[in-house]
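Dear colleague,

Please find below the sequence and the structure that I am handing over to you. A summary of what was found follows directly after them.

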Amino acid sequence: MELTSQFAIWGLIAGMLVLNFALRFIPLAVLSRISIPEPLMRWLSYMPIAVMGALIATEVLLPALDTFFNEVRIYQEALPYAECGSTTPVPYPIFFMPLPGILGVIAAMVTYRYTKSFIGGTLAGVVVFALLQLLVGA
């Protein structure tokens, strides 16, 4: 790797560090000095779960739905050949097989429900996902 590209990478990392710190610290420093109305505080309390829902929808549920619709498409394409007396077996769709991501989300939700710990729920989901990835070999 060239020396200039190493400087560019470290410069990018340093820039992201400064920007990330500024985006989090400045609002925290300003908002800690003022009194926020209760309705706004209640509204802001829903932000973490909304962000987590958006992350789950894009990273877990969309690929699972893609797998589901691919299975249905394969089944529908093979179905006419089965009706014509072909001896080729028709692949039966698994219809939303329990993907490791889905089961990880369920583990995270159940853990959070009973412990009220965001970190505990996240860790439970990651552990279940990693174990299933190892077992399934996907």
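Of the 138 residues in the protein, 12% are buried. Please keep in mind throughout that this is a predicted model. The protein has five helices and zero strands, and its elements, read from the N terminus, follow the order α-α-α-α-α.

The largest pocket

The volume of the largest pocket is about 470 Å³. Its lining consists of 21 residues, of which Met52, Ile56, Val105, Ala108 and Thr122 are the closest to the centre. Which helices contribute at least two residues each to this lining? They are helix H3 (47–83), helix H4 (100–115) and helix H5 (118–136). By residue type, the lining comprises 13 nonpolar, seven polar and one charged.

Gly121 is part of helix H5. Its relative accessible area is 4%, and Gly121 is therefore buried, the limit for that class being under 20%. Leaving aside residues up to four places away in sequence, Gly121 touches Ala108, Thr111 and Tyr112; Ala108 is also one of the residues closest to the centre of the largest pocket. Gly121 and Met109 are twelve residues apart along the chain, and their C-alpha atoms are separated by 6.5 Å.

Val110 belongs to helix H4. With a relative accessible area of 44%, Val110 is partly exposed. From Val110 to Gly125 the C-alpha distance is 9.4 Å, and the two residues are 15 apart in sequence.

The loop between H4 and H5 contains Lys116. Is Lys116 buried or exposed? Its relative accessible area is 56%, and Lys116 is exposed because that value is over 50%. The backbone of Lys116 also deserves a remark: its phi is near 60°, a positive value in a residue other than glycine.

Aromatic rings

The structure holds one aromatic pair. The rings of Phe21 and Phe25 have centres 5.2 Å apart and planes at 10°, so this pair is stacked; the angle falls under the 30 degrees required for that description. Where do the two residues lie? Phe21 and Phe25 are both in helix H1 (residues 3–31), four residues apart, which is about one turn of the helix. As to accessibility, Phe21 counts as exposed at 54%, whereas Phe25, at 43%, is partly exposed.

A further ring is that of Tyr114, over which the charged end of Arg113 sits, 5.7 Å from the ring centre.

With kind regards

Methods:
Residues numbered from 1 in each chain as written. Predicted model: local features only at pLDDT ≥ 70, side-chain atom pairs only at ≥ 80, totals over all residues. Heavy atoms only, no water. 1 Å grid on protein atoms, 1.4 Å probe; cavity = no way out; pocket = protein on both sides within 12 Å on 5 of 7 lines; lining within 4 Å. Points joined across faces, edges and corners; volume = space filled by probe spheres on them. Nonpolar A, V, L, I, M, F, W, Y, C, P; charged D, E, K, R; others polar. Phe/Tyr/Trp six-rings, centres within 6.5 Å; stacked < 30°, edge-to-face > 60°. Buried < 20%, exposed > 50% of the residue type's maximum accessible area, 1.4 Å probe, protein only. Lys NZ or Arg CZ within 6 Å of the ring centre and 35° of its normal. Contact = heavy atoms within 4.5 Å.
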